[in-house]
Amino acid sequence: MTTPDFQRARSPEAKLLREAAILDAARRLGAERGIREVTLTDIASAVDMHKSAMLRYFETREEIFLRLTAEGWQDWAPALAARVRAVTRPDADAVAAAFASTLAARGMFCDLLAQTPLNLERNVSVEKVREFKLTTRDGLGQIVPAVRAALPGLTEQDGVDLVAAATSMAGTFHQIATPGPEVAALYRSDPRLSHALVEVEPRLARILGAMLRGMLA
């Protein structure tokens with residue numbers, strides 16, 4: 001499809017294609033640069049659209065990335081639930097490892113998780129926030145029952161708290177673990193700064209394991 005055809009499209013199918021192209025461009029740019037570095041102009045340029053034309057499909061840059069965060073939840077929640085159900089000898093550490101590994105494998109999702117409460121939910125309509133929160137609610141509906149089946153001593157609230165802690169920490173640890181090149185070089189060059197070097201998966205697994213053992217005690 002050429003750019004002029006893309007711009008003239010008016011059918012519902014063409015609108016969906018346009019939205020998908022915008023989301024794909026934002027996803028690619030976010031993975032390459034980090035979410036904070038991607039502007040609405042960057043996304044518009046990537047799909048050969050003027051920024052004002054793109055606003056017909058998404059209210060703001062934040063709405064685009066909030067949609068991608070929702071897609072991240074739709075990918076992560078069933079994957080995590082399946083991983084927990086597959087644990088042969090479930091205990092606190094095994095469940096914590098399932099959380100840590102599935103989150104650490106989704107670096108851009110972790111980046112989005114960090115940006116969501118800080119920025120992405122703050123420059124969109126209330127209706128878009130509602131849609132997003134319903135997506136996270138659906139994710140909890142898949143994850144919490146799987147975790148409680150593996151660890152019957154947990155309450156429903158324990159499961160919700162566990163997911164909240166895991167996603168919050170994964171977002172934060174991802175930011176710490178991916179500093180700019182100059183800062184990363186500084187951390188590696190000075191042994192006194194070794195504490196600033198973070199590996200997301202093992203740290204997340206340790207903390208979540210301790211949290212679960214406390215809940216089960």
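Glu-156 is partly exposed, with a relative accessible area of 45%; on this scale buried means under 20%, exposed over 50%, and partly exposed in between, using a 1.4 Å probe and protein chains only. Its salt-bridge partner is Arg-148, and the closest N and O atoms of Glu-156 and Arg-148 are 3.3 Å apart. Arg-148 is also partly exposed, at 33%. A salt bridge here requires a side-chain nitrogen of Lys or Arg within 4 Å of a carboxyl oxygen of Asp or Glu.

The model is predicted, so local features need pLDDT of at least 70 and side-chain atom pairs count only at pLDDT 80 or more, while totals for chains, interfaces and linings use all residues. Residues are numbered from 1 along each chain as its sequence is written, and side-chain values use heavy atoms, with hydrogens and water left out.

The salt-bridge count comes to 14. Side chains of opposite charge can pair when their charged atoms come close. Two further pairs deserve attention. Glu-131 meets Lys-128 with the closest N and O atoms 3.9 Å apart. These two residues lie 3 residues apart in helix 8, so about one helical turn separates them; helices are DSSP runs of H or I with at least four residues, strands are E runs of at least two, and both are numbered from the N terminus. Glu-131 is partly exposed at 39%, and Lys-128 is partly exposed at 25%.

Are Arg-61 and Glu-62 buried or exposed? Arg-61 is buried, with a relative accessible area of 15%, and Glu-62 is buried at 13%. Their side chains form a salt bridge with an N to O distance of 3.4 Å.

The largest nonpolar core has 62 residues, and Ile-43 and Phe-99 have the most contacts inside it. Helix 5, residues 61–85, supplies the largest share of this core, 11 residues. Such a core is a set of buried Ala, Val, Leu, Ile, Met, Phe, Trp, Tyr and Cys residues joined through side-chain atoms within 4.5 Å. Beyond its neighbours within four places in sequence, Phe-99 is in contact (heavy atoms within 4.5 Å) with residues including Trp-76, Leu-80, Ile-143 and Val-147.

Finally, Gln-142 lies in helix 8, residues 126–150, and is partly exposed at 33%. Leaving aside neighbours within four places in sequence, Gln-142 is in contact with Ala-77, Pro-78 and Ala-81. The C-alpha atoms of Gln-142 and Pro-78 are separated by 6.4 Å, although the two residues are 64 residues apart along the chain.
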